[in-house]
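Here are some friendly notes to read beside the model. Please keep the structure open as you go through the points.

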Amino acid sequence: MKILLPVDGSELSLEAVRFAIRMILAGLRADAVLANVQEPANLYELLVAHDPEVINKVSEEAGRHTLLSAQALLDAAGVVYECEVAKGDPAHTIVDIAERFACDLIVMGARGNSALRSAMLGSVSNEVLHASPVPVLIAKPDEV
């Protein structure tokens, strides 16, 4: 089995990674695909950078940096994984990554790092849930 773990740097996305690790340590035979989706550059970034390659490099580095905490968790648990940093609309890009890597399951947080997105009760996770051809497990935050 292959599990896609979209990570945006939020604590809830890391909790989704921890949940997947617990399933694997409990006996689920699975590998993981860690993914981060960078949103396309906005007009201001395009005007300031002057060079699309600079924007692509910065975006790639930001995505790789975002994956570091999740990589550390998977390394500590001995889980085999691949990494992918992509650019685009988060929900649809996550579904595309799941299809490209032939994932059997997506495990993700209910809310992400973006203030706008988190105000919408996890609009990305909701979109992925409806668009994904594979099962989606949503890790919800603990109630306070």
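1. Setting aside its neighbours within four places in sequence, I3 is in contact (heavy atoms within 4.5 Å) with M23, I24, L28, A30, D31, A32, V33, C103, L105 and V107. Numbering runs from 1 along each chain as its sequence is written, and side-chain values use heavy atoms, with hydrogens and water left out. Because the model is predicted, local features need pLDDT of at least 70 and side-chain atom pairs count only at pLDDT 80 or more, while totals for chains, interfaces and linings use all residues.

2. Now the core around it. A nonpolar core here is a set of buried Ala, Val, Leu, Ile, Met, Phe, Trp, Tyr and Cys residues joined through side-chain atoms within 4.5 Å. Buried stands for under 20% relative accessible area, exposed for over 50%, and partly exposed for what lies in between (1.4 Å probe, protein chains only). The largest nonpolar core has 20 residues, and I3, L5, V7, V17, L34 and L74 touch the most other members. At least two residues of this core come from each of β1 (2-6), α1 (11-25), β2 (31-38), α3 (52-77) and β4 (105-109). The largest share, 6 residues, is supplied by α1. Apart from this core lies another, of 18 residues, including V33, C103, V128 and V134. In soluble globular proteins, nonpolar side chains tend to be buried together.

3. What about the overall layout? Helices (H or I, at least four residues) and strands (E, at least two) are DSSP runs, numbered from the N terminus. The protein has 6 helices and 5 strands, in the order β-α-β-α-α-β-α-β-α-α-β along the sequence. Of its 144 residues, 41% are buried. Among contacts with a separation of 6 or more, 75% join residues 24 or more positions apart.

4. Helix α1 deserves a look of its own. Its 15 residues reach 21 Å from first C-alpha to last, close to the 21 Å expected at 1.5 Å a residue (the expected span is 1.5 Å times one less than the number of residues). Which residues of α1 are buried? They are L12, S13, L14, A16, V17, A20, I21 and I24. The buried residues of α1 pack against β1, β2, α3, β4 and β5 (136-139). After α1 comes G27, with a positive phi near 125°.

5. S59 sits in helix α3. This serine is buried, with a relative accessible area of 11%. Not counting residues up to four places away in sequence, S59 touches Q38, V85 and K87.

6. M1 is found in the segment before β1 and is partly exposed at 46% relative accessible area. Leaving out residues up to four places away in sequence, M1 touches L28, R29, A30, D31 and D104. M1 and C103 are 102 residues apart in sequence, yet 7.3 Å apart in space, C-alpha to C-alpha. M1 and A102 are 101 residues apart in sequence and 9.2 Å apart in space by C-alpha positions. A102 lies in the loop between α4 (90-100) and β4, and is exposed with a relative accessible area of 54%. Its phi is near 55°, a positive value in a residue other than glycine.

7. How many disulfides are there? The count comes to 0, where a disulfide is a pair of cysteine sulfur atoms within 2.5 Å. C83 counts as partly exposed at 23% relative accessibility, whereas C103 counts as buried at 5%.

8. Finally, confidence. pLDDT is the predictor's confidence in each residue, from 0 to 100. The protein averages 87, and 83% of the residues score at least 70. Among the elements, β1 has the highest mean pLDDT (98) and helix α5 (residues 115-118) the lowest (46). Over residues 115-121 the pLDDT is below 50, and this stretch has 9 contacts in the model beyond near neighbours in sequence. Where pLDDT is low, the predicted coordinates should not be read in detail.
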